[in-house]
Structures are given as C-alpha cells and as structure tokens.
Amino acid sequence: HLDRSRPVYPQIAADLRRRLDAGEWKPGDRFPGTVELAAEYDVAQSTTQRAVALLRDEGRVRIVLGEGAFVVR
C-alpha cells in the first residue's frame, strides 16, 4: 500500500499517526521498534528510523536510550 514512487518514510509516519489516533497504542505503551516496523512495512530499518524520528519530533513518541520508544499522545 506504499507508493514507492514517492519517499516512503513520510507515508509510514502518516500510517503510524493514523494507527496512534485510532488507539492501537495508548500513552505509556511501548512503541514498536524500528526493526519490527521495517519487517511489517517491508522497508529498510533506516526508513522506519526516519518515520519514527518524525513522530518523535512531533511529540507523539519519546525515545529512551536502551529501552525503546514509548507513546506520548
């Protein structure tokens, strides 16, 4: 469902935002890791790292070194 003719990481970020808004993960929940997301979306891990970085920059998830990412809102 990804349009490979355009940059993929913003599309993944948009899908993850939609899933967050739908309540798939609640505030405080551990957010899936970039390796897991890369497998789910069939992309390189670097692509999901960029998508998750967008969500971090928006304040949607927080990254805790050594522990992973957690849902903020």
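Predicted model: local features only at pLDDT ≥ 70, side-chain atom pairs only at ≥ 80, totals over all residues.
**Exercise 1. Thr 47**

Decide whether Thr 47 counts as buried or exposed, and list what Thr 47 touches.

Solution. 
- Step 1. Thr 47 lies in helix 3.
- Step 2. Buried means under 20% relative accessible area.
- Step 3. The relative accessibility of Thr 47 is 18%, so Thr 47 counts as buried.
- Step 4. Residues up to four places away in sequence are not counted; with that exclusion, Thr 47 touches Val 8, Tyr 9 and Ile 12.

**Exercise 2. Helix 2 against helix 3**

Describe how helix 2 crosses helix 3, and state which residues make the contact.

Solution. 
- Step 1. Two packed helices are described by the angle between their axes and the distance between the axes.
- Step 2. The axes of helix 2 and helix 3 cross at roughly 110° and come within 8 Å.
- Step 3. Angles of 65 to 115 degrees count as roughly perpendicular, so helix 2 is roughly perpendicular to helix 3.
- Step 4. The crossing of helix 2 past helix 3 is right-handed.
- Step 5. Helix 2 makes the contact through Thr 34, Val 35, Leu 37 and Ala 38, and helix 3 through Gln 45, Thr 48, Gln 49 and Val 52.
- Step 6. Sorted by class, the contact of helix 2 with helix 3 has four nonpolar residues, four polar residues and no charged residues.

**Exercise 3. Helix 1 against helix 2**

Work out how helix 1 is oriented relative to helix 2, and classify the residues of their contact.

Solution. 
- Step 1. The axes of helix 1 and helix 2 come within 12 Å, crossing at roughly 105°.
- Step 2. That angle makes helix 1 roughly perpendicular to helix 2.
- Step 3. From helix 1, Ile 12, Asp 15, Leu 16 and Arg 19 meet Leu 37, Glu 40 and Tyr 41 of helix 2.
- Step 4. The contact of helix 1 with helix 2 divides into four nonpolar, three charged and no polar residues.

Methods. Residues numbered from 1 in each chain as written. Heavy atoms only, no water. Helix = DSSP H or I, 4+ residues; strand = E, 2+ residues; numbered from the N terminus. Buried < 20%, exposed > 50% of the residue type's maximum accessible area, 1.4 Å probe, protein only. Contact = heavy atoms within 4.5 Å. Axes fitted to C-alpha atoms, helices over the stretch in contact; angles between N-to-C directions. Parallel < 35°, antiparallel > 145°, perpendicular 65-115°, else oblique. Left-handed = near helix turned anticlockwise from the far one by under 90°. Nonpolar A, V, L, I, M, F, W, Y, C, P; charged D, E, K, R; others polar.
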